[in-house]
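Please read each task, consult the structure, and then follow the solution step by step.

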Amino acid sequence: MRIFLTLPIILAAASPALAQDSSDQQNISPQDKTQFRLLAGVDHVEGDVGEGLEYQTVFATTGVAMTKGRFSASASIPYISSTAPQEVIINQGGLFGTPLLGSNGTQSGQVKREGIGDLSLAAAYQLPVSGADASIGASVKVPTASREKGLGTGKVDYGVSGQLSKKLGAVVPFVGAGYTIIGEPDNFETRNTLSGTAGSHLLLGKNSALTASYNYEQSASSSIGDSQSINMGFGTNLTRSVRIGVDGALGLSDAAPDTRVGLKLHVGI
């Protein structure tokens with residue numbers, strides 16, 4: 001059996017941990033000093049890929065982000081712990097998620113596997129657009145996960161994206177779209193994917209924000225439906241340099257995971 005299913009993960013643009021940033025982008029100067037942040041997060045995702053084929057996966061992610069003027073970049077890598085069907089390969093990829101790719105193995109039943117996931121590199125540029133906040137970005141998934149353990153495909157994925165938002169008082173509506181070039185593993189047929197998101201931040205004073213969004217991602221396999229989900233989150237500054245966020249998602253389509261919950265932490269250095 002060959003399965004390619006996407007487990008949605010909230011975009012950085014829609015993340016409650018970053019929502020407050022959108023209100024400050026009007027003041028960006030190319031001469032702004034370089035700032036670094038340490039990133040940490042935990043996500044728990046569960047669902048099924050068919051009758052009797054349930055999965056539960058936890059991602060504990062660490063990374064670093066850099067911002068200088070209109071340019072930003074980040075690098076992150078997860079530790080994965082998953083209980084999933086034997087024929088399922090866990091693979092990070094896409095702008096919104098983590099495709100599960102079925103193997104050709106004949107064994108069945110649930111298998112627990114753990115290990116380092118794939119390294120994710122991303123960069124974005126804030127466009128000098130008057131009256132709105134617009135950005136373009138690119139990302140690369142580097143295959144550092146073990147293919148033998150079923151923790152990755154062993155192939156490189158590439159992505160490009162664009163995002164647009166506008167602050168209207170305490171409300172910041174946003175839209176985003178992306179295109180991912182999937183690295184095709186041997187003996188599998190995949191296709192590149194389109195993705196999109198739309199939602200809004202609600203700023204609560206100077207330090208906190210609520211986020212609600214709808215996320216869509218095209219399936220990388222013609223045999224599996226597209227993924228759709230509703231996402232909610234809350235983020236707040238604990239100090240000037242520490243921000244924490246909690247978020248969750250509910251799947252709207254069969255291909256989406258049933259639930260996802262996450263905790264994010266950003267620490268300025």
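Leucine 202 stands opposite leucine 210 in strand 13. The model is predicted, so local features need pLDDT of at least 70 and side-chain atom pairs count only at pLDDT 80 or more, while totals for chains, interfaces and linings use all residues. Residues are numbered from 1 along each chain as its sequence is written, and side-chain values use heavy atoms, with hydrogens and water left out.

**Exercise 1.** Determine how strand 12 is joined to strand 13.

*Solution.* Step 1: strands are DSSP runs of E with at least two residues, numbered from the N terminus, and two of them pair if DSSP finds at least two bridges between them. Step 2: strand 12 and strand 13 (residues 208-217) run antiparallel and are joined by ten bridges. Step 3: the two form a hairpin with three residues between them, and glycine 205 in the turn has a positive phi of about 70 degrees.

**Exercise 2.** Identify the bridge partner of leucine 210 in strand 14, and state how accessible that partner is.

*Solution.* Step 1: strand 13 and strand 14 run antiparallel, with ten bridges between them. Step 2: the partner of leucine 210 there is phenylalanine 234, which belongs to strand 14 (residues 227-237). Step 3: buried means under 20% relative accessible area, exposed over 50%, and partly exposed in between (1.4 Å probe, protein chains only). Step 4: phenylalanine 234 counts as partly exposed because its relative accessibility is 30%.

**Exercise 3.** Describe the salt bridges of arginine 260 with aspartate 43 and with aspartate 247.

*Solution.* Step 1: a salt bridge is a side-chain nitrogen of Lys or Arg within 4 Å of a carboxyl oxygen of Asp or Glu. Step 2: the N to O distance between arginine 260 and aspartate 43 is 3.0 Å. This pair links distant parts of the chain, since arginine 260 lies in strand 16 (residues 259-268) and aspartate 43 in strand 2 (residues 35-48), 217 residues apart. Step 3: the N to O distance between aspartate 247 and arginine 260 is 2.6 Å; aspartate 247 lies in strand 15 (residues 242-251), 13 residues from arginine 260. Step 4: salt bridges with shared partners join Asp43, Asp247, Arg260 and Lys264 into one network.

**Exercise 4.** Are arginine 260 and aspartate 43 buried or exposed?

*Solution.* Step 1: arginine 260 is buried, with a relative accessible area of 1%. Step 2: aspartate 43 counts as buried because its relative accessibility is 6%.

Methods. Helix = DSSP H or I, 4+ residues; strand = E, 2+ residues; numbered from the N terminus.
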